[in-house]
Amino acid sequence: MPFQPEPAYTHGQAPRTAILLCNLGTPDAPTAPALRRYLGQFLSDQRVVEIPKPLWWLILHGIILRTRPAKSAAKYASIWTPEGSPLAVWTSKQATLLRGWLGEAGHQVLVRHAMRYGNPSIASQLDALKAEGATRILILPLYPQYSGTTTASVFDAVYTWAARTRNVPELRFVNHYHDDPGYINALAATIQTHWKHHGPPDKLVMSFHGVPERTLHLGDPYHCESHKTARLLAQRLGLQKDDYQVTFQSRFGKAKWLQPYTEPTLIEMGQAGVGRVDVICPGFTGDCLETLEEINQEAREAFLHAGGKEFHYIPCLNDSNLWITALSRIAQQHLGGWPTQLPDAAALADAQAHARAGGAPAGACPVAH
Ligand SMILES: C=CC1=C(C)c2cc3[nH]c(cc4nc(cc5[nH]c(cc1n2)c(C)c5CCC(=O)O)C(CCC(=O)O)=C4C)c(C)c3C=C
Ligand SMILES: [Fe+2]
Ligand SMILES: [Fe+2]
């Protein structure tokens with residue numbers, strides 16, 4: 001792909017630091033055509049589905065994209081809000097709050113959010129940050145646990161953008177924060193607040209998004225990081241082994257995924273006489289289809305149908321103060337050494353002079369402007 005032309009005045013630009021919060025992405029509307037576009041992009045990513053391309057292309061276009069979009073659209077319609085898809089709403093809100101939090105802490109950094117699939121795309125937001133003058137960009141995925149299927153795929157999109165960019169900003173990447181004390185503390189506080197009003201359940205289920213089991217054997221740390229999050233959270237809540245259970249949800253396809261599976265486990269619990277379960281999804285930083293529909297609707301119904309008495313869904317961290325505080329600390333740790341103040345008056349005047357001259361400072365370029 002040819003490199004895009006870029007304005008030459010950026011040669012003399014004063015440095016600015018930026019953060020790009022990245023999430024998975026969501027369809028633009030709860031309709032079959034929007035779902036087809038979204039799922040087509042998502043499920044064509046070889047990080048997500050590792051089946052060899054020609055065979056997978058046939059299955060994806062011949063079967064999945066003919067049947068799944070309409071079914072998924074109906075599920076999305078059941079959780080859609082007047083502002084849009086919950087995942088998009090929370091992600092955008094988190095970026096706005098993080099900008100404010102960092103500003104309060106005296107850091108004048110640019111903050112935007114992007115989606116790996118759908119809109120706003122990672123490439124469009126990196127272009128926008130560059131146009132706003134960002135010369136250093138921290139890539140911060142909203143996935144606490146690293147997985148090749150999610151985190152690395154975000155990084156791929158950044159590398160692809162960089163590979164077609166002439167003047168590449170400095171880039172840093174956050175791999176994970178599954179054991180970050182602020183993140184664990186924010187989760188614990190959400191649960192404790194719920195228990196203050198409702199008392200503790202018979203069982204706390206911590207449900208993480210699943211991945212194919214083979215990725216664990218091929219070196220993906222996601223399984224271990226999910227279990228570490230759960231262990232730290234249980235410790236922080238003072239729970240014993242029998243008080244909680246880690247499960248994996250959202251299985252896709254016929255292959256074996258990480259076990260135990262969330263819904264079958266809840267059914268077993270209902271059948272075994274567990275009266276009340278509380279379910280939290282610590283791997284999701286914002287509520288979305290997988291938590292609001294799959295857990296709070298489908299899994300709830302399955303548990304109650306199997307004999308369970310009470311099902312409490314504990315929402316994701318979303319816009320909680322403790323979570324945004326944790327996120328801003330995680331960002332600040334990774335910004336270490338990068339200036340986070342607006343350029344001083346002299347640097348700005350210098351940059352403006354270069355911009356007016358249409359190029360770099362006099363004498364700094366090998367050619368006259
Ligand atoms: C096909 C394989 C999939 C893998 C591997 C996978 C991993 C994975 N996903 C998330 C987070 C989210 N997934 C969401 C939706 C979703 N996930 C898959 C498939 C895989 N995910 C599909 C097909 C869908 C779309 C919905 C559907 O049609 O069923 C979402 C919600 C998006 C939303 O719009 O609300 C999130 C978030 C993680 C963290 C993860 C691996 C660790
Ligand atoms: Fe997923
Ligand atoms: Fe493990």
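**Reading the core, the domains and the ligand**

Author: Gladly; let us begin with one residue. Apart from neighbours within four places in sequence, Leu 140 has contacts with Ile 19, Leu 20, Leu 21, Cys 22, Val 174 and Ala 331. Please keep in mind that this is a predicted model.

Reader: Which residues touch the most other members of the largest nonpolar core?

Author: The general idea comes first: in soluble globular proteins, nonpolar side chains tend to be buried together. Here the largest nonpolar core has 83 residues, and those that touch the most other members are Ile 19, Leu 20, Leu 21, Cys 22, Ile 139, Leu 140 and Ala 331. At least three residues of this core come from each of domain 1 (14–177 + 321–343) and domain 2 (181–314).

Reader: Why does ligand 1 lie between the domains?

Author: Look at who supplies the shell. Domain 1 and domain 2 both give residues to the shell around ligand 1, so ligand 1 lies between them. There are 24 residues around ligand 1, and Thr 26, Ser 72, His 209, Cys 288 and Leu 289 come nearest. Two or more residues of the shell come from each of α2 (53–77) and α10 (289–292). Sorted by class, the shell holds 13 nonpolar, 9 polar and 2 charged residues.

Reader: And what does Pro 339 count as, by its C-beta neighbours?

Author: Here a count of neighbours decides. A residue is buried at 20 or more other C-beta atoms within 10 Å and exposed at 12 or fewer. Pro 339 has 16 C-beta neighbours inside 10 Å, so Pro 339 counts as partly exposed. You will find Pro 339 in the loop between α12 and α13 (345–357). Leaving aside neighbours within four places in sequence, Pro 339 is in contact with Pro 15 and Thr 17. Val 109 is 230 residues apart from Pro 339 along the chain, with 9.0 Å separating their C-alpha atoms.

How values were computed. Residues numbered from 1 in each chain as written. Chains lettered and ligands numbered in written order. Predicted model: local features only at pLDDT ≥ 70, side-chain atom pairs only at ≥ 80, totals over all residues. Near = placed C-beta within 6 Å. Helix = DSSP H or I, 4+ residues; strand = E, 2+ residues; numbered from the N terminus. Nonpolar A, V, L, I, M, F, W, Y, C, P; charged D, E, K, R; others polar. Domains from an automatic or database assignment. Core = buried A, V, L, I, M, F, W, Y, C linked by C-beta atoms within 7 Å. Contact = placed C-beta atoms within 7 Å.
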